[in-house]
Amino acid sequence: MVRLKLVLVLFILCFASTSTGKEKEGIEEQFTEELLLRPLPDRKVLAHFHFDTRAPPTASYGRHHRIFPKAIYQLRSFLGVNQNAQSAMCKNMFQASSPEQSLTASYAGNSLAIKVLNTNLALLDQVHKFQVREMELSFTQGRWNYERWGGYDPIASSNVKPPGVELWAVFDVPQDQVDASWKNLTHTLSGLFCASVNYLESSTAYSAPDWSFREFSGNLRYGTLPREAICTENLTPWLKLLPCRDKAGLSGLMNRSSIYRGFYHSQRLHLTSGEFNSEAVNYGIMLEQTLTVVLEPNTLESGVTRSSGLALQPSWSLSSLFGRELGERCVLAKSSNVYVQLEGSLVSVLKNKWEETSAYEADTLSYEEGSLSNPSFELSVSPNRIIKEVNSLHPEGSSILYHYMMENYSDSKPFELEFKWKSPLVWSCPQAPLHASRFLMGSGNERGAIAISLQATKRSDDFLVADIDEKGCRLRVDVFQVVPWYVKVYYHTLKLFVDEKPQSQADIIEKMRVSPSEDKVSPGVMELILRLPCGVKSAAITLEFDKGFLHIDEYPPDANQGFDIPSAVVSFPDFQATMHFLEDNSSNELPLVSKMKERSSVLSYTEVLLVPLTTPDFSMPYNVITITCTVFALYFGSLLNALRKRVAEEESRLKSKAAKKSGRVPLLLSKLLAKVRGKPWEPPQAASTSSSQISYKLIFKVILVAGIAAVRRGKAAEAAQEKTCYNTSTLAFSSYI
């Protein structure tokens, strides 16, 4: 009867899953790869790799994927009985001829599912392991230079991350299960990427932002490891998630030595699942992998100067940047593209330079055979098309994308792009409205202060003052800061300064949320919404703190280096980092161009602070252990040496010494004594055996020690007798009186 019920349940589930799957046929997975190259003003080059992998919803496509990485998919769902698992079990079941064989067949198709069925039929509903709605993991080495490399563009706002490891995730589970899902997720990612992400499982290492970091409240968890070292052990698992890994396609340019010699590199993984949202049924799962690298070209022309006194920008090529050539594209990629981006300020400078040298026609670029005709730079390969930005919010001008499609290149015909400068140019990257920085104040090992400084940039002058009434204009700034528990921040000491003048909190702070730290339980969290005047030149926030004490087991191996305070997040919700390019049927299909059109708030990360705490002298136990081990080594070495000596060798040595010391006179005396006693004469033995010598010495030492002890005892008795006599005489004298 139980088996019959199982068969009926499986039949119903199979029918439902099959009917659902037939409704949405024709949906397939897709993978795209893109590379964006951008020259920077400080003689460096930005290389941004963008890989996008998408899978249809599980309800229509199933759990088995051809392109989408299985390891990442398992982060989202549990190996439970979803509709795809039901289909697999049904297929095996209907091929059997009896209920027993059908159960065996379904067991072979999904052994864990049939075990769940045997345990409880109610568990046939979808069971998710982590229920991850959205997740982002980044590994970063170096710090992004917002002043030179810009901070007001989609790449700087979405792909620039703080040093070390940053992880945040949104779960679709009840509130009381979020922490458990977070801990399981950290352990899984730690093993997947060969990193110390599992250290984020502790409640002292992560926090729950409410509204300053992301729009999800309650189910969001955020954690960072600023001191995590980034190496090839983290990059290799990241590359294995790609369909072609680093064997073909744009990922083949990722030479380890070239990437890790850069000034900044950040590998990022962003997972979004639309299956938990009923309004986005066709969204499915999307995995976005990006690698952002800042490299410095090494060419012979880098030191050439012109008559104007400006240094010529170094020319570069793909092989000079990465040490490899770009051959065949990944065959599983739907599209493979390379872009060269010129920022709006650089385009404006190029136009001015062109007008100085020859007549310039607006919005017209002419070509020569195989290269772009321009008095300032030259491209060795002609682009397939030029995509121009429209409706730019930047006052400097609109940027330009040179688009190259990789379909026409192979290993026999590699794509070798060279960017050659002809004349020196000076330009600047678009920056955020305010430049954020953070530093420590105070000295000593007891207390100090944290200061967050906001300095106006050129962009703030262009956008915040012109055509705006200062009385009604306010600039919104969101601040999110997490402080470890051993840095005890006093939030009531919060002070605000605008243009170096103190301000009251009610005038500047619109909203504030503070979660004080708890010793060895949770870190301190501060979320602020500031409303600054539009004409502000500078602003500062200060907070005082005391330094706590750690248990000796809680200190890291390099405790004298100091302890890290993670980067603070400063965002500007009123400013959106977006780029709209000239729309046509071809450009709409480009994933990177579509990604740049998405609206995202301008965001900046501050520096990681290094706080020195009171540290015990870890060298003292080392010295004690060293001296103790030395003493024990000498003692046991001498003891083992004495015990392992051969007795015969020792006796022969002593006999030889005795023979040397003895002369004729002692022998004659011994013979004479033997005759007098009437006993036969025997040759004299050694003066004493080793044991006799040792015993004589031991007896002498014992006698000496006993004598010293007796003398000291006698003196002590005399002193006690004198004291007794003194006390007796004193008592007698007092009674007499």
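This section describes the disulfides, strand pairings, nonpolar cores and a few individual sites of a predicted model.

Across the whole structure, a search turns up two disulfides. One of them joins C244 to C330, with an S to S distance of 1.9 Å. The torsion about its S-S bond is 70°, and the link of C244 and C330 is right-handed. This pair ties together distant parts of the chain, 86 residues apart: C244 lies in the loop between α10 (232-240) and α11 (256-260), while C330 lies in the loop between α12 (318-322) and β10 (335-342). Both C244 and C330 are buried.

The other disulfide is formed by C473 and C534, whose sulfur atoms are 1.3 Å apart. Here the torsion about the S-S bond is about -70°, so the link between C473 and C534 is left-handed. Distant parts of the chain are again connected, with 61 residues separating the two cysteines: C473 sits in the loop between α14 (458-463) and β19 (474-483), and C534 in the loop between β23 (524-533) and β24 (538-547). Buried is taken as under 20% relative accessible area. C473, at 10% relative accessibility, therefore counts as buried, and C534 counts as buried because its relative accessibility is 2%.

C194 takes part in no disulfide, and the nearest cysteine sulfur, that of C231, is 8.6 Å away. With a relative accessible area of 45%, C194 is partly exposed. C231 is likewise in no disulfide, the sulfur of C194 being the nearest cysteine sulfur at 8.6 Å. The relative accessibility of C231 is 31%, so C231 counts as partly exposed.

Ten of its eleven residues are buried, so β2 is largely enclosed by the rest of the structure. Strand β1 (residues 30-39) pairs with β2 in the antiparallel sense, over ten bridges, and within this pairing H50 of β2 is the bridge partner of E34. The two strands β1 and β2 form a hairpin with five residues between them, and R43 in the turn has a positive phi of about 65°. Strand β2 also pairs with β8 (residues 285-295), again antiparallel, through eleven bridges. In that pairing, T53 stands opposite L287 of β8. As a reminder for reading such sheets, side chains in a regular strand alternate between the two faces of the sheet.

Six bridges pair β10 with β15 in the antiparallel sense, and L342 stands opposite I400 of β15. Strand β14 (residues 385-390) runs antiparallel to β15 and is joined to it by four bridges. Y402 in β15 is the bridge partner of I386.

The nonpolar cores come next. The largest contains 79 residues, and F49, Y404 and F415 are those with the most contacts inside it. Setting aside neighbours within four places in sequence, F49 is in contact with E34, L35, L250, L253, M254, Q289, T290, L291 and F322. Another core of 43 residues lies apart from the largest one; W485, V487, Y491 and L609 are among its members.

Which residues does S212 touch, when those up to four places away in sequence are not counted? The contacts of S212 are with V479, F480, E527 and S571. One of these, E527, is joined to S212 by a polar contact of 2.6 Å between the side chains. S212 itself is placed in the loop between β5 (206-207) and β6 (220-225). Its relative accessibility is 7%, so S212 counts as buried.

In an unreviewed entry, UniProt lists residues 622-643 as "transmembrane region". In the model, the chain over residues 622-643 is 100% helix and 0% strand, and its end C-alpha atoms are 31 Å apart.

Notes: Residues numbered from 1 in each chain as written. Predicted model: local features only at pLDDT ≥ 70, side-chain atom pairs only at ≥ 80, totals over all residues. Heavy atoms only, no water. Disulfide = S-S within 2.5 Å. Buried < 20%, exposed > 50% of the residue type's maximum accessible area, 1.4 Å probe, protein only. Pairing = 2+ DSSP bridges. Core = buried A, V, L, I, M, F, W, Y, C linked by side-chain atoms within 4.5 Å. Contact = heavy atoms within 4.5 Å. UniProt positions renumbered as here; feature names shortened; annotations may be inferred. Polar contact = N/O pair within 3.5 Å; in protein donor to acceptor, adjacent residues only side chain to side chain.
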